[in-house]
Amino acid sequence: MSKIYQAFADEKAFIPFITCGDPDLQTTAAVVRAAVANGADLVELGIPFSDPTAEGVVIQAANLRALQGGVTTDKIFDLVRDLRRDISVPFVFMTYANVIFSYGAEKFISTCAEIGIDGLILPDLPFEEKEEFLPLCHKYKVDLISMIAPTSENRIAKIAREAEGFVYIVSSLGVTGVRSEIKTDLASIVAAVRKNTKIPCAIGFGISTPAQAQKMAKISDGAIVGSAIIKILAKYGANSPKFVGEYVREMKNAVRGLNHV
């Protein structure tokens, strides 16, 4: 059984997204540890890219800050090695296909396996082109996580049947970012996913409040939050870990249904 699958085994999962190197790698390490200490079940680590097409302005800015600070893929691998000394929850990298191609696909994916990365999310990799990486992911036992968007429609069943780790359901059309309201008929998408796979599904894009997280977790198996956390990092910088920890605890309580929102 995939380690990622196990993260959803006991209760609804809360998954924070953190851009590595924003504002620096020391802060990233402290923020990840604070998130896990406060209930994060799985952590999505962003490898910065100069042209992150799926991201809104908040995460784009985080990518830019990290790259300007000199972050590299090798430095991020070293960060994960350090985190794995005391953190056992699953880690997945979120990045773009060019990052892997430029590094060398086999070298990248084999290193992921060596350092304890459990999965990859590649927003710019169409489902129909996943064979570019899938054999290597299988070779090194790294889950290639599929995304399902509101536009997936007739492809949902096929994507779900071939899914690994968890299914990332995109809540809304467009790029990442905080939304005041999520209007997509997500329940029908989740129903189609569950009809075709036992792999858990989590909803991301636009979730920022405990009420939104609780609503998404009621429909699915968990909630993914990125931009709201990156906003905390942009505001507090090196002092962010305490505030991210408090936010994660509140959101985890929401997905578990423990607080009244």
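A disulfide is a pair of cysteine sulfur atoms within 2.5 Å.

This is a predicted model, in which local features need pLDDT of at least 70 and side-chain atom pairs count only at pLDDT 80 or more, while totals for chains, interfaces and linings use all residues. Residues are numbered from 1 along each chain as its sequence is written, and side-chain values use heavy atoms, with hydrogens and water left out.

**The cysteines**

A search of the whole structure finds 0 disulfides. Select Cys-20 next: Cys-20 is in no disulfide, and the nearest cysteine sulfur, that of Cys-112, is 11 Å away. Cys-20 is buried, with a relative accessible area of 0%, and Cys-112 counts as buried at 0% relative accessibility. Buried means under 20% relative accessible area, exposed over 50%, and partly exposed in between (1.4 Å probe, protein chains only).

**Helix H12**

Now select residues 240–255, which form helix H12. Helices (H or I, at least four residues) and strands (E, at least two) are DSSP runs, numbered from the N terminus. H12 has 16 residues and reaches 22 Å from its first C-alpha to its last, close to the 22 Å expected at 1.5 Å a residue. The expected span is 1.5 Å times one less than the number of residues. Among the buried residues of H12 are Val-244, Tyr-247, Val-248 and Met-251. To see what covers the buried residues of H12, display the elements that include strand E1 (13–19), helix H2 (25–37) and helix H10 (210–219). After H12 comes Gly-257, whose phi is positive, near 75°.

**Salt bridges**

A salt bridge is a side-chain nitrogen of Lys or Arg within 4 Å of a carboxyl oxygen of Asp or Glu. By this rule the count is 16.

Select Glu-11 and Arg-256, a salt bridge whose closest N and O atoms are 3.4 Å apart. Glu-11 lies in the loop between helix H1 (3–7) and E1, and Arg-256 in the segment after H12, so the pair ties together parts 245 residues apart in sequence. Glu-11 is partly exposed, at 34%, and Arg-256 is partly exposed, at 41%.

Then select Lys-252 and Asp-41, whose closest N and O atoms are 2.8 Å apart in a salt bridge. Lys-252 lies in helix H12 and Asp-41 in the loop between H2 and strand E2 (43–46), so this pair ties together parts 211 residues apart in sequence.

Note on methods:
Contact means heavy atoms within 4.5 Å.
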